Amino acid sequence: MKRQDYISWDEYFMGIALLSAKRSKDPSTQVGACIVNQYNKIVGIGYNGFPIGCDDDSLPWEKTSDDPNETKYPYVVHAEANAILNSTKDLHGSRIYVALFPCNECTKLVIQSGIKEIIYLSDKYKDTSSVVASKRMLQLAGVKIRQLILKGKSIVIDFNIDE
């Protein structure tokens, strides 16, 4: 008889997004993204960080400063953008799994790339102008949004498989 406690596709792909977030060096917010085509094949993965070739120790990680260029915001590439840029296939009709609801800049990339569904965990910035604009664009473009509700579930990854 087969196992009954296996994870769903949504849990699997969100888990990949969350595991990808662990690569982020951002001290305050780690976000990962996983793009999946209609056949449940992963076609792109990304996490938030500085652009390739930009030393992580040469740019600021601060959230606030009197000088906006001394914060992380002008430099960080968001997880969604990295997943799209890292994609290996045409993204039309695919879906993207992300921990946080996308900002307006990432939403533009999602729409332009042909992604048709966003599955997210948290909408903690829902009242910001960026997310309000995102939702407006997504509605106009016909991109589905769905919050993944997990009831206290956790997945533990144990690298000690021989024990």
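## The sheet

Strand 1 and strand 3 pair in the antiparallel sense, over 4 bridges. Within this pairing, Ala33 has Val98 in strand 3 as its bridge partner. The model described here is predicted.

Strand 3 (residues 95-100) also pairs with strand 4 (residues 117-122), in the parallel sense and over 5 bridges. Here Ile96 stands opposite Ile118 in strand 4. The whole sheet is open, has 5 strands in the order 2-1-3-4-5, and shows mixed pairing. Its edges are formed by strand 2 (42-47) and strand 5 (144-147), each of which pairs on one side only. On average, neighbouring strands of the sheet are turned by 15° against each other, with direction ignored.

How many residues of strand 3 are buried? The count is 6 of the 6, so strand 3 is largely enclosed by the rest of the structure.

Helix 1 comprises 13 residues (residues 9-21). At 1.5 Å a residue, the helix should span 18 Å, and the distance of 18 Å between its end C-alpha atoms agrees with this.

The buried residues of helix 1 are Asp10, Glu11, Phe13, Met14, Ile16, Ala17, Ser20 and Ala21. These buried residues pack against strand 1 (32-36), strand 2, strand 3, strand 4 and strand 5. As a general point, an α-helix has 3.6 residues a turn, so residues three or four places apart point the same way.

In soluble globular proteins, nonpolar side chains tend to be buried together. In this model the largest nonpolar core has 19 residues, and those with the most contacts inside it are Ile35, Ile96, Ile115 and Ile118. At least two residues of this core come from each of strand 1, helix 2 (79-85), strand 3, strand 4 and helix 4 (129-141).

Which residues does Ile35 contact, leaving aside its neighbours within four places in sequence? Among them are Ile96 and Ile115, and the contacts of Ile35 also include Lys41, Ile42, Val43, Gly44, Ala83, Ile84 and Leu91.

## Aromatic residues

The model contains 6 aromatic pairs. One of them joins Tyr12 and Phe13 in an edge-to-face arrangement, with 5.1 Å from centre to centre and 65° between the planes. Tyr12 counts as partly exposed because its relative accessibility is 36%, whereas Phe13 is buried, with a relative accessible area of 0%.

Phe13 and Tyr97 form a tilted aromatic pair, 5.6 Å centre to centre with 45° between the planes. This pair links distant parts of the chain: Phe13 lies in helix 1 and Tyr97 in strand 3, 84 residues apart. Both Phe13 and Tyr97 are buried. Together with Trp9 and Tyr12, Phe13 and Tyr97 form one aromatic cluster.

## After the last strand of the sheet

Ile149 is located in the segment after strand 5. Is Ile149 buried or exposed? Its relative accessible area is 55%, and exposed means over 50%, so Ile149 is exposed. Ile149 and Gly93 are 56 residues apart in sequence, and their C-alpha atoms are 23 Å apart in space.

Definitions and conventions: Residues numbered from 1 in each chain as written. Predicted model: local features only at pLDDT ≥ 70, side-chain atom pairs only at ≥ 80, totals over all residues. Heavy atoms only, no water. Pairing = 2+ DSSP bridges. Axes fitted to C-alpha atoms, helices over the stretch in contact; angles between N-to-C directions. Expected span 1.5 Å × (residues − 1). Buried < 20%, exposed > 50% of the residue type's maximum accessible area, 1.4 Å probe, protein only. Contact = heavy atoms within 4.5 Å. Core = buried A, V, L, I, M, F, W, Y, C linked by side-chain atoms within 4.5 Å. Phe/Tyr/Trp six-rings, centres within 6.5 Å; stacked < 30°, edge-to-face > 60°.
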